[in-house]
Amino acid sequence: MNASAFGAFLHQGQICMSARKIIVERPIAEEFTARLAEKTKTLKVGDPSEMDTIIGPLITEGALQMVSERVRDAVAQGAKVLAGGEAVGPCYQATLVTDVPEDSDLARHETFGPVLAVEVADSAEEAIQRANATTYGLSAGILTADTDRGFALAQLLESGIVHVNDQPVGDEPQMPFGGVKDSGWGRFGGQAVIDEFTELRWITVQSGTGHPFPF
């Protein structure tokens, strides 16, 4: 639960790796969602110079307007707000929503703001299918008590980065960073960035007149 909140709301969700959607298996969905909603309600909104502030301003007025409009649109189509859902000056509250329609802008597009949607799946296999049903594929996290199962599921996710038993916001300079589908081309970081920016060529030089030919 803490990992989910951190991955969604760090820097107001304005990170390319931020969690936008959490898919929970049904046996634990009700308790997990309730606990996450209570956690979300405690995240202080306001002046980032105050040490206990978690949710500060969004980067522009346009970004704030986009987040507000997408949440309002999703709610108008049937989504339910479990926590947050309001602008506070230049900030937007940490917001948890459920029942987000699949064809809404909030579900279909990246929203760089503190908004997290929860979906319920009947199995891990269904969760993987739902997670892959997007045009994006940069970073993902899998939380499970069975690490072997988590590793197996990670290989099924269409994502350039997968963190097992962690949230999706994680980067190290020596590791290849990049996504699949609409989340970009290529990789940077460590040897990967050298490979991406290197054009391999083959040049030969013969000494003198060269070697003999058969004709």
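Here is a short walk through this predicted model, from its sheet to the helices around it and on to a pocket.

Let's begin with the sheet. Strands pair through backbone hydrogen bonds, in either a parallel or an antiparallel way. Here, four strands make up an open sheet with mixed pairing, and reading across it gives the order β1-β6-β5-β2. At the edges sit β1 (21–25) and β2 (80–83), each of which pairs on one side only. From one strand to the next, the twist averages 30°. If you look at β5 (residues 95–98) and β6 (residues 115–121), you will find them running parallel and joined by four bridges. Along this pair, Leu96 stands opposite Leu116 in β6.

Next come two helices. Helix α5 (residues 124–132) lies across β1 and β6, and its direction makes an angle of about 140° with β6. Just after α1, have a look at His11, which takes a positive phi of about 55°.

Finally, let's turn to the empty space. A probe the size of a water molecule, rolled over the atoms, shows where such space is left. The second largest pocket has a volume of about 210 Å³. Its lining includes Gly160, Ile161, Val162 and His163, then Gly170, Asp171 and Glu172, and also Met175, Pro176 and Phe177. Sorted by class, this lining has five nonpolar, three polar and two charged residues.

Notes. Residues numbered from 1 in each chain as written. Predicted model: local features only at pLDDT ≥ 70, side-chain atom pairs only at ≥ 80, totals over all residues. Heavy atoms only, no water. Pairing = 2+ DSSP bridges. Axes fitted to C-alpha atoms, helices over the stretch in contact; angles between N-to-C directions. Contact = heavy atoms within 4.5 Å. 1 Å grid on protein atoms, 1.4 Å probe; cavity = no way out; pocket = protein on both sides within 12 Å on 5 of 7 lines; lining within 4 Å. Points joined across faces, edges and corners; volume = space filled by probe spheres on them. Nonpolar A, V, L, I, M, F, W, Y, C, P; charged D, E, K, R; others polar.
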